Amino acid sequence: MSGADQYTLETPENIEVEYEPAGLGSRFCAMLIDTLLLGAILLAMWLLLLLLFPAAVPGGATKWLAAVVLAVAIALVSGGYFILFELLMRGQTPGKKAMKIRVIRDDGTPVTANEVLIRNILRLVDFLPVGYALGAIVMFPNPLAKRLGDLAAGTIVVKEGELDYRAHADTKAEMPAPTAVAANAELTAEERRLVSGFLHRRHELLPEARRQLAARLAVPLHEKYGGYYNMAETYLERLLAGRHHESSP
Amino acid sequence: MSLDHWLKERQPVWQRLESIVDGLYRHGPCRTAPQDLVAMIELYQSACADLARLRALGGDPADVATLNRLVIRAHGQIYRGGPARSWRPLAFFLVDYPRLFRQTWKFTLASFLIAAASALMAYSTVQTSPQTVGDILGGADREVRGHKTLADIRERFGHEGSPVLSSFVITNNIRVALTAFALGITLGLGTIYILTVNGAMLGGIAGAFAKSHAAGQFWGVVLPHGTLELSAVVVAGGAGLLLGYGLWAPGARTRRRALREDAVRAMRLAVGLLPAFAFAGIIEGFVTPSDAIPEPLKLALGIAAAAVFWLYLLLAGRTPPLPAKDIKTASAISAAGSAATTAG
């Protein structure tokens with residue numbers, strides 16, 4: 001979750017929200033699942049069509065009609081699979097749902113028919129010359145991993161993790177977490193995030209890694225902000241609370 | 001109050017918001033209780049404030065990320081820009097589409113000129129040096145193989161007219177047309193390539209048939225459906241050129257913006273052709289191969305189809321001219337309006 005890979009958008013409430021663009025890997029997997037599913041559906045329809053067609057000649061009007069319906073359905077499914085699902089599932093296909101990714105508009109709102117049609121017709125070009133090669137080449141240097149269809153439609157594919165509220169009762173009760181209501185305003189936002197991230201999750205680390213990480217954070221911060229330094233972790237706790245100049249706890 | 005304590009206190013609020021937003025993503029606003037929709041706005045605003053607070057206080061990044069995701073999802077539902085407008089096919093095809101065509105007719109003209117120039121060149125080249133026909137068709141090798149398989153299918157399904165054949169032809173033509181539009185994103189170069197290849201192929205084959213004094217036979221097979229089909233392909237090429245031109249010369253817009261705006265217009269121009277392709281495909285599947293319909297009737301049908309198509313593009317959706325009386329009133333009103341503006 002480095003800052004460079006994120007897409008930040010300011011809401012009308014002046015709150016910055018961060019999107020995490022889905023990468024090449026998860027999008028490829030989603031595409032693979034969709035392709036397999038589409039193949040299976042088409043195969044089933046083809047078998048049905050072949051069963052019905054020979055009987056179409058000797059005046060079997062019902063079967064003839066069924067053949068027409070199926071022929072049209074095959075055309076619609078093979079051409080409209082992505083369009084249909086992205087419209088019905090609001091930016092998702094079965095493959096995207098399995099990979100927990102979703103297409104949204106650049107402004108964060110759900111996709112409309114315009115975007116769905118553009119990005120999926122542009123698939124024809126992204127697919128060129130074979131296997132989405134062009135799309136992948138375009139996606140690779142793009143910080144938001146957009147293929148040509150996304151660029152034209154103004155869409156972005158984002159990760160959509162589950163909202164799992166961490167159980168604050170169990171793990172954190174054991175470890176004293178920083179309880180400052182107002183964090184040290186001297187620190188930059190990035191420093192605050194680093195320090196508090198470490199303090200919140202240090203119990204998940206192996207003792208050796210935890211000790212090394214604490215030192216790597218604390219030493220440069222101590223050089224910058226000074227104060228009373230005894231133990232790296234204690235220093236970080238007190239620094240975050242703005243009490244690093246006090247000599248006793 | 002400790003941060004953890006505060007988090008625990010706020011959690012029910014977030015979970016309530018989450019369940020409403022989840023319901024919206026699943027079932028849409030119509031099947032969400034009105035009081036939930038009202039409550040959602042307030043819940044969303046407080047979640048925004050909570051997110052800002054949690055960030056400023058240096059909360060656990062995992063909690064920040066969770067709350068961030070919740071705010072994103074709620075934001076997406078709240079600022080979705082008006083009710084999802086239902087698509088009105090009648091208004092689109094009777095008014096919007098022909099108007100769009102007339103706004104962008106220059107691109108269709110350019111598309112036609114490219115294809116026609118390429119066809120004429122191929123035609124005359126084959127006339128003067130017949131051995132080049134292989135080269136021209138060699139360049140379109142895959143297309144010819146496509147035609148060969150189509151011919152095979154035609155053999156297999158007989159000459160009675162076939163829904164399956166129609167369906168294949170329609171699908172194939174629509175793919176070519178949509179590709180011509182989509183390739184506009186290569187600065188229009190891909191679209192020009194497709195138009196050139198298809199034009200050369202048509203001209204080349206026509207030239208070869210003419211050379212062997214069988215031109216009538218060729219046009220008898222191509223024209224019944226070809227008039228409408230080729231017209232539609234030319235318009236699809238125009239859509240591709242429209243998309244590409246915005247990238248060359250975006251005007252006062254940024255290129256990114258030009259791409260996004262022109263993509264919408266070009267997509268509509270291309271997608272609106274689908275009924276024309278369906279109709280051309282039905283003719284190709286049922287009329288062209290039929291032995292029961294006499295040749296002149298087939299030709300007449302083809303020409304009539306194309307004529308209706310072009311008249312529709314040029315004339316449909318025009319506002320009827322105002323009677324002279326109304327024009328006078330309108331200009332009086334606008335004059336009064338501008339006078340008022342100047343005075344103001």
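Q: Among contacts in chain B between residues at least 6 apart in sequence, what percentage join residues at least 24 apart?
A: Contact means heavy atoms within 4.5 Å. In chain B, 75% of those contacts join residues at least 24 apart. This is a predicted model: local features need pLDDT of at least 70, side-chain atom pairs count only at pLDDT 80 or more, and totals for chains, interfaces and linings use all residues. Residues are numbered from 1 along each chain as its sequence is written, chains are lettered from A and ligands numbered from 1 in the order written, and side-chain values use heavy atoms, without hydrogens and water.

Q: How many helices and strands does chain B have?
A: Helices (H or I, at least four residues) and strands (E, at least two) are DSSP runs, numbered from the N terminus. Chain B has 14 helices and 0 strands.

Q: What percentage of chain B is buried?
A: Buried means under 20% relative accessible area (1.4 Å probe, protein chains only). Of the 344 residues of chain B, 46% are buried.

Q: How many salt bridges cross between chain A and chain B?
A: A salt bridge puts a side-chain nitrogen of Lys or Arg within 4 Å of a carboxyl oxygen of Asp or Glu. The rule finds 2 across this interface. One of them joins R73(B) and E160(A), at 2.9 Å, N to O.

Methods:
Buried < 20%, exposed > 50% of the residue type's maximum accessible area, 1.4 Å probe, protein only.
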